[in-house]
Amino acid sequence: MHGTPHIVSDVMTHTVAAIGRKANFKEIVQLMEQWKVSALPVLEGEGRVIGVVSEADLLPKEEFRDSDPDRSTQLRRLSDLAKAGAVTAEDLMTAPAVTVQANATLAQAARTMAHAKVKRLPVVDDMGLLEGVVSRGDLLKVFLRDDEDIAEEVRREVVSYLFRAPLAPVRVEVHDGVVTLTGRVRDTSLVPVAARLVRAVEGVVDVEFELTGPSGQQER
């Protein structure tokens with residue numbers, strides 16, 4: 001019913017800074033600063049993503065610079081202590097890399113980011129070769145969508161489908177991404193369905209209802 005959702009390839013960055021296994025610590029920091037990014041994919045061969053080095057992987061070197069962690073800390077943070085002594089990407093990187101494919105929906109990419117607790121995802125093809133990078137900011141671009149574009153999709157894909165014979169025309173208004181449906185409908189049991197479908201429209205921040213049924217009772 002809905003129009004084709006945006007996918008990762010619609011919003012991802014195609015030109016990406018990346019490093020090889022042997023990239024040294026200082027080179028990694030310099031590249032992050034140059035490209036203004038918080039993580040870099042690690043590649044081998046023809047561009048297969050084998051890991052990611054993030055700021056979180058680099059910080060232990062500074063954190064443990066002048067400290068002598070006790071036994072409890074050593075046991076609890078073995079990985080961080082190992083990274084504090086690492087000098088190349090292959091020892092610093094988090095592997096395997098959490099990636100996403102270009103044809104994934106933005107919702108799928110957002111769930112992957114949230115689950116992995118990362119800010120950026122390398123975008124790979126079926127062979128695991130790097131195609132780009134998608135960030136949290138990229139996923140939020142759908143909320144820049146024009147209000148009237150959202151309203152038109154709601155009218156076309158939701159209202160005309162669910163409320164085919166309203167008692168009065170259902171009006172759709174959108175302000176700053178908040179959709180309001182106003183009118184009189186024959187079946188108010190469809191309102192929760194409409195709410196779910198409207199929220200699924202990309203760019204929608206929230207939905208409000210000022211709909212009444214045949215008896216004139218308002219549904220919200």
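Of the 220 residues in this predicted model, 40% count as buried. Buried means under 20% relative accessible area, exposed means over 50%, and partly exposed lies in between, for a 1.4 Å probe and protein chains only. Residues are numbered from 1 along each chain as its sequence is written. In this predicted model local features need pLDDT of at least 70, side-chain atom pairs count only at pLDDT 80 or more, totals for chains, interfaces and linings use all residues, and side-chain values use heavy atoms, with hydrogens and water left out.

**Overview**

Switch to cartoon. The secondary structure comes to 10 helices and 10 strands. Helices (H or I, at least four residues) and strands (E, at least two) are DSSP runs, numbered from the N terminus. Contact means heavy atoms within 4.5 Å. Among contacts with a separation of 6 or more, 57% join residues 24 or more positions apart.

**Stop 1: the largest nonpolar core**

Select V154, F163, V172, V179, L181, F209 and L211. These have the most contacts inside the largest nonpolar core, which has 23 residues. Such a core is a set of buried Ala, Val, Leu, Ile, Met, Phe, Trp, Tyr and Cys residues joined through side-chain atoms within 4.5 Å. Now colour α9 (147-162), β7 (168-175), β8 (178-184), α10 (191-199) and β9 (206-212): each gives two or more residues to this core. The largest share, six residues, comes from α9.

Centre on L181. Which residues is L181 in contact with, leaving aside its neighbours within four places in sequence? They are V154, V159, F163, V170, R171, V172, E208, F209, E210 and L211.

**Stop 2: the second core**

Select A17, I50, V53 and M93. They are included in a second, separate core of 17 residues.

**Stop 3: the largest pocket**

Rolling a probe the size of a water molecule over the atoms shows where empty space is left. On a 1 Å grid over the protein atoms alone, a pocket is an open set of points with protein on both sides within 12 Å along at least five of seven lines; a cavity is a set where a 1.4 Å probe fits but cannot get out; lining residues have an atom within 4 Å of a point. Grid points are joined across faces, edges and corners, and a volume is the space filled by probe spheres set on the points.

Select V52, S54, K117, V118 and K119. Of the 16 residues lining the largest pocket, these lie nearest its centre. The volume of the largest pocket is about 390 Å³. β3 (48-54) and α3 (55-63) each supply at least two lining residues. The largest share, three residues, comes from α3. The lining divides into eight nonpolar, three polar and five charged residues. Here Ala, Val, Leu, Ile, Met, Phe, Trp, Tyr, Cys and Pro count as nonpolar, Asp, Glu, Lys and Arg as charged, and the others, Gly among them, as polar.

**Stop 4: the second largest pocket**

Select L106, A107, L139, V142 and F143. They lie nearest the centre of the second largest pocket, which is lined by 16 residues. About 260 Å³ of space lies in this pocket. Which residue classes make up its lining? It divides into 11 nonpolar, two polar and three charged. α7 (106-116) and α8 (136-139) each supply at least two lining residues, and the largest share, three residues, comes from α7. Colour by domain next. Domain 1 (8-142) and domain 2 (147-212) each give at least three residues to this lining. These bounds come from an automatic or database domain assignment.

**Stop 5: H6**

Select H6, in the segment before α1 (8-11). H6 is partly exposed, with a relative accessible area of 33%. H6 touches T105, L106, V142 and E202, not counting residues up to four places away in sequence. Show the C-alpha atoms of H6 and E202: they are 196 residues apart along the chain and separated by 7.8 Å.

**Stop 6**

Select D138 in helix α8. Is D138 buried or exposed? D138 is buried, because its relative accessible area is 8%. D138 touches V11, M12, T13 and V133, not counting residues up to four places away in sequence.

Move to S135 in strand β6 (residues 130-135). S135 is buried too, at 16% relative accessible area. Leaving aside neighbours within four places in sequence, S135 is in contact with M113, K119 and R120.

**Stop 7: the cavity**

Select A39, L40, P41, V52, R120, L121, P122 and V133. They line the largest cavity, which has a volume of about 50 Å³. The structure holds one cavity of 30 Å³ or more. β2 (39-44) and β5 (120-124) each supply at least two residues of the cavity lining. That lining has seven nonpolar residues, no polar and one charged.
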